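Hi,

Here is the model I promised to pass on. Have a look first, and my notes follow below.

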Amino acid sequence: IVLGLYLAAVALLAFGGGQAGAGPVAWWRPEIFLAMSTVTLAVIFLGSMYKTFELRAGGERIALMLGGRRINSNSTDFAERRVLNIVEEMALASGTPVPPVFLLDREEGINAFAAGFTPVDAVIGINRGTLNYLNRDELQGVIAHEFSHILNGDMRLNIRLIGIIHGILVVGLIGYFVMRMAFYSGAVRSRSSNDKSNGIPLIALGVGLTVIGFIGTLFGNLIKAMISRHREFLADASAVQFTRNPEGIGGA
């Protein structure tokens, strides 16, 4: 990303400034490389820190953002009591604190999640469809799978990955904002040819930032997906370890 933005900046200075015919382009400009490196890394770092701290508020906040409802420990609903009992069993099996359980009533698909930054502030979220369609062994396998994410630090890892990818995405968002600013300022639509040429470098800068930022985000998401796949395999194996029943997670 730094290299791409550096080359874009040098090209913009060389060709956007009307110096295309003034001689060969000096592609190595240490002062520009240092400036672009500093600015780019600062933008990515600040964007990552913002998203990371936003998600470090605890699993309960994330569950509420997704529309979850905390299941009370004194609930008399059979399905809710069953999942609470299973969560307590898996907490004992994994040696972690018993987390609150949030039910997503409007979600009819089969899914569950663990959210939080540490085992202390972790929560288990579960869809209504998971309670409706899975038997006890299958539900136990799913809950054990989520406890692996809590025990093995996958929640914290995911938050860090999301933070880094968001920082990269900020680069593309800045480029998109620069393009919109150039268009809405009338730089391109101006009748004056001088105004048009003055606006073109700004458009080119916005396009370069957007393309480089979103390409970086694409590769960041690919890396995140590869890491997540390995962590999912580990969670499935841990679910068998905690339940001593491979048919549970297998059936789910």
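**Serine 75 and the rest of the chain**

Let's start with serine 75, which touches Glu80 and Arg81 (heavy atoms within 4.5 Å), leaving out residues up to four places away in sequence. Bear in mind that this is a predicted model, where local features need pLDDT of at least 70, side-chain atom pairs count only at pLDDT 80 or more, and totals for chains, interfaces and linings use all residues. Numbering runs from 1 along each chain as its sequence is written, and side-chain values use heavy atoms, with hydrogens and water left out.

Serine 75 sits in the loop between β1 (69-70) and α4 (78-94); helices (H or I, at least four residues) and strands (E, at least two) are DSSP runs, numbered from the N terminus. Serine 75 is buried, at 13% relative accessible area, where buried means under 20% with a 1.4 Å probe, protein chains only.

Of its 27 residues, Ile126, Leu139, Ile143 and Phe147 touch the most other members. The biggest contribution comes from α4, with seven residues. A second, separate core has eleven residues, among them Leu5, Ala9, Ile32 and Leu209.

Overall, the chain has nine helices and four strands. Its radius of gyration (over C-alpha atoms) is 25 Å, well over the 18 Å from the globule rule (2.2 Å times the number of residues to the power 0.38) for 252 residues, so the chain is more spread out than a compact globule.

Cheers

Conventions:
Buried < 20%, exposed > 50% of the residue type's maximum accessible area, 1.4 Å probe, protein only. Core = buried A, V, L, I, M, F, W, Y, C linked by side-chain atoms within 4.5 Å.
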